[in-house]
Amino acid sequence: MTTQDSGSAPKPPAKDPWDLPDVSALSVGVLGGTGPQGRGLAYRLARAGQRVTLGSRDAGRAAEAAAELGHGVEGTDNAECARRSDIVIVAVPWDGHAKTLESLREELAGKLVIDCVNPLGFDKKGAYALKPEEGSAAEQAAALLPDSRVTAAFHHLSAVLLQDESIEEIDTDVLVLGEARADTDIVQALAGRIPGMRGIFAGRLRNAHQVESLVANLISVNRRYKAHAGLRTTDV
């Protein structure tokens, strides 16, 4: 007797990896939103029609930066930014990463968190990767935020290009890592809201270290070639 004859249901077809959810109604908060990367991401997402809130330790500074960006961006302190957002992007400096997340554990509970922080050091030879005790910045975030859904993405984007209002499209892929497909699908879809970008699933959080570390290589590329290099994944 075959498996089908025994009454078992046929295996469902594999899900289309490009069948991503509609995220246009979700609100996005950016912690560290007054820094170059945070401002750039906030600007691009708001320009694409996303509702965006900038967060900062100084609410006044966040409000000022938001007014400069326009496109309906609002600014407030980090805690209020986390509370009012469905998705929260962590774009704070590495040296303030752990302290910021520890202080926002309650506000980030139940939220989808996207960590885009790159642990890097700099010396006379240039940029080099640091390895946190937890393995990566994203894994540190997951350890500090047990009640949040932590993903990792947006590591390899040029803040200069993101903030350049004359550029219509950002020609790059965004590597997305996380533990739950539903969450990484949302992040991929969010990346795809920005013209020129694609979100590409790149594994679980245990693989985040090498993705974060690659930024050190991109910095070397950019210095040598006077460029703002990004990444493209071929044959996908």
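Let's start at Ala98, which sits in helix 4, the stretch covering residues 97-103. Keep in mind that this is a predicted model. Ala98 has a relative accessible area of 25%, and buried would mean under 20%, so Ala98 counts as partly exposed. Leaving aside residues up to four places away in sequence, Ala98 touches Gln140 and Leu144. Gly55 is 43 residues from Ala98 along the chain, and the C-alpha atoms of the two are separated by 16 Å.

Helix 9 gives the most, with four residues. The largest pocket has a volume of about 1,000 Å³ and a lining of 39 residues. If you want to find its centre, look for Pro36, Gln37, Ala91, Val92 and Pro93, the lining residues that lie nearest to it. Sorted by class, the lining has 18 nonpolar, 16 polar and five charged residues.

Now for the second largest pocket, which holds about 230 Å³ of space. It is lined by 14 residues, and Pro17, Arg181, Asp185, Gln188 and Phe201 are the closest to its centre. Helix 8 (181-192) and strand 10 (197-201) are the elements giving two or more residues to this lining, with helix 8 giving the most, at four residues. By class, the lining of the second largest pocket comes out as six nonpolar, four polar and four charged residues.

How values were computed: Residues are numbered from 1 along each chain as its sequence is written. This is a predicted model: local features need pLDDT of at least 70, side-chain atom pairs count only at pLDDT 80 or more; totals for chains, interfaces and linings use all residues. Side-chain values use heavy atoms; hydrogens and water are left out. Buried means under 20% relative accessible area, exposed over 50%, partly exposed in between (1.4 Å probe, protein chains only). Contact means heavy atoms within 4.5 Å. On a 1 Å grid over the protein atoms alone, a cavity is a set of points where a 1.4 Å probe fits but cannot get out, and a pocket is an open set with protein on both sides within 12 Å along at least five of seven lines; lining residues have an atom within 4 Å of a point. Grid points are joined across faces, edges and corners, and a volume is the space filled by probe spheres set on the points. Ala, Val, Leu, Ile, Met, Phe, Trp, Tyr, Cys and Pro count as nonpolar, Asp, Glu, Lys and Arg as charged, and the others, Gly among them, as polar.
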